[in-house]
Amino acid sequence: MTRTGAQHITFIGGGNMAEAIIGGLIENGFDRANITLSEIVTARAQYMHDTFGINLAPDNTSAITGYEGNNRSKAQVVVFAVKPQVMKQVALSLSSALIEAKPLVITIAAGIRTTELARWLSTDDNGEAIPGAEIPVVRCMPNTPALVLCGATGLYANRYATEEHKEVANEILCSISKTQWLEDEQLLDAVTAVSGSGPAYFFLMLEAMENAGVKAGLPKEIASALAVQTCLGAAKMAEKSGEEFAELRRRVTSPNGTTEAAITTMQRGEVREWIEKGVLAANTRSQELGEMFKD
């Protein structure tokens, strides 16, 4: 850890993705004494403390402004890891604390745009905008392989986030994933469609390969192991070779061979077209959900 190493990071919400990020940070050498969690489910909070040895705040506000248990350290980075449905309520309740602490805000809540979040975070108890409240926000779209420190994350920074803020956010998310920065926030819908929902596409492919292997006579556990390792190996080849995916496919598809027989059958079933349609459907749905969370 470099820029983030001495900073105090607070997590609001302790779900699976927060657990993955905290675990990734600690595995990469971040001092657990500089991590504070606020989690409303007592059993979950205790589990996180027992697992990682991090600080547990008595409430969300104290987690940001500091309390005796963390040496009254103000948060320099606040990671919002709550469900999108409750984000507005949580954000509005913490606006005063955030104005006081002036941290970088990172959100992993799907569908919540930076304009909405920044507005909620700069609104006082009377519903009025707080003058001069310029909240740096980085919005992230990780995916579930982040839970095994092998994720893919798209990031977008609002206009108040500096290059240093972006470096800090990047280092945090790099603890669990590869990162890609976007200049246009709307493209996070496409990120959601390709990588956010993407693991499910590969699980569906693995299901089909496993089932076909069983039908061809393999024991289920062997068919499953072969399918998983083939997926891992193909992904590694795609990452390391630098070749176009189509070229890699052509290299393994010998004329009149077994692979050609399989690919020809799949193409007759318009597999490629339906995958593209599925990804674009996810993109459209992500756009729709974003509209639902707008004020």
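Analyst: Helices (H or I, at least four residues) and strands (E, at least two) are DSSP runs, and they are numbered from the N terminus. This is a predicted model, in which local features need pLDDT of at least 70 and side-chain atom pairs count only at pLDDT 80 or more, while totals for chains, interfaces and linings use all residues. Residues are numbered from 1 along each chain as its sequence is written, and side-chain values use heavy atoms, with hydrogens and water left out.

The chain has 13 helices and eight strands, and the part to examine is helix H11, which covers residues 245-252. Within helix H11, Arg250 and Glu247 are three residues apart, about one turn of the helix, and their side chains form a salt bridge with an N to O distance of 3.3 Å. A salt bridge here is a side-chain nitrogen of Lys or Arg within 4 Å of a carboxyl oxygen of Asp or Glu. How accessible are these two partners? Arg250 is partly exposed at 48% relative accessibility, and Glu247 is partly exposed with a relative accessible area of 24%. Those words follow cut-offs: buried means under 20% relative accessible area, exposed means over 50%, and partly exposed lies in between, with a 1.4 Å probe and protein chains only.

Glu247 also meets the side chain of Arg251 in a salt bridge, at 3.2 Å from N to O. These two residues lie four apart in helix H11, again about one turn of the helix. Arg251 counts as exposed, because its relative accessibility is 52% and the cut-off is over 50%. Through shared partners, the salt bridges join Glu243, Glu247, Arg250 and Arg251 into one network.

To set this in context, the structure holds twelve salt bridges. Another of them pairs Arg113 with Glu291, whose closest N and O atoms are 3.0 Å apart. This pair links distant parts of the chain, 178 residues apart: Arg113 is in the loop between strand E5 (104-107) and helix H6 (114-121), whereas Glu291 is in helix H13. Glu291 is partly exposed, with a relative accessible area of 44%.

A UniProt record, in an unreviewed entry, lists residues 185-289 as "domain: Pyrroline-5-carboxylate reductase dimerisation"; its positions use the numbering given here, feature names are shortened, and annotations may be inferred rather than shown by experiment. That span is 83% helix and 0% strand, and its end C-alpha atoms lie 14 Å apart.

Charged pairs are one feature of the surface, and a nonpolar patch is another topic to consider. Met205, Met209, Met266, Val271 and Ile275 make a nonpolar surface patch of about 410 Å². Such patches consist of residues with over 30% relative accessible area and no salt bridge, with nonpolar side chains (Val, Leu, Ile, Met, Phe, Trp, Tyr) joined within 5 Å and like charges within 9 Å; the areas come from the Shrake-Rupley method with a 1.4 Å probe, and for residues only the protein chains shown count as cover. Helix H9 (198-215) and helix H13 (271-292) each supply at least two residues of the patch. Met266, found in helix H12 (residues 258-268), is partly exposed at a relative accessible area of 36%.
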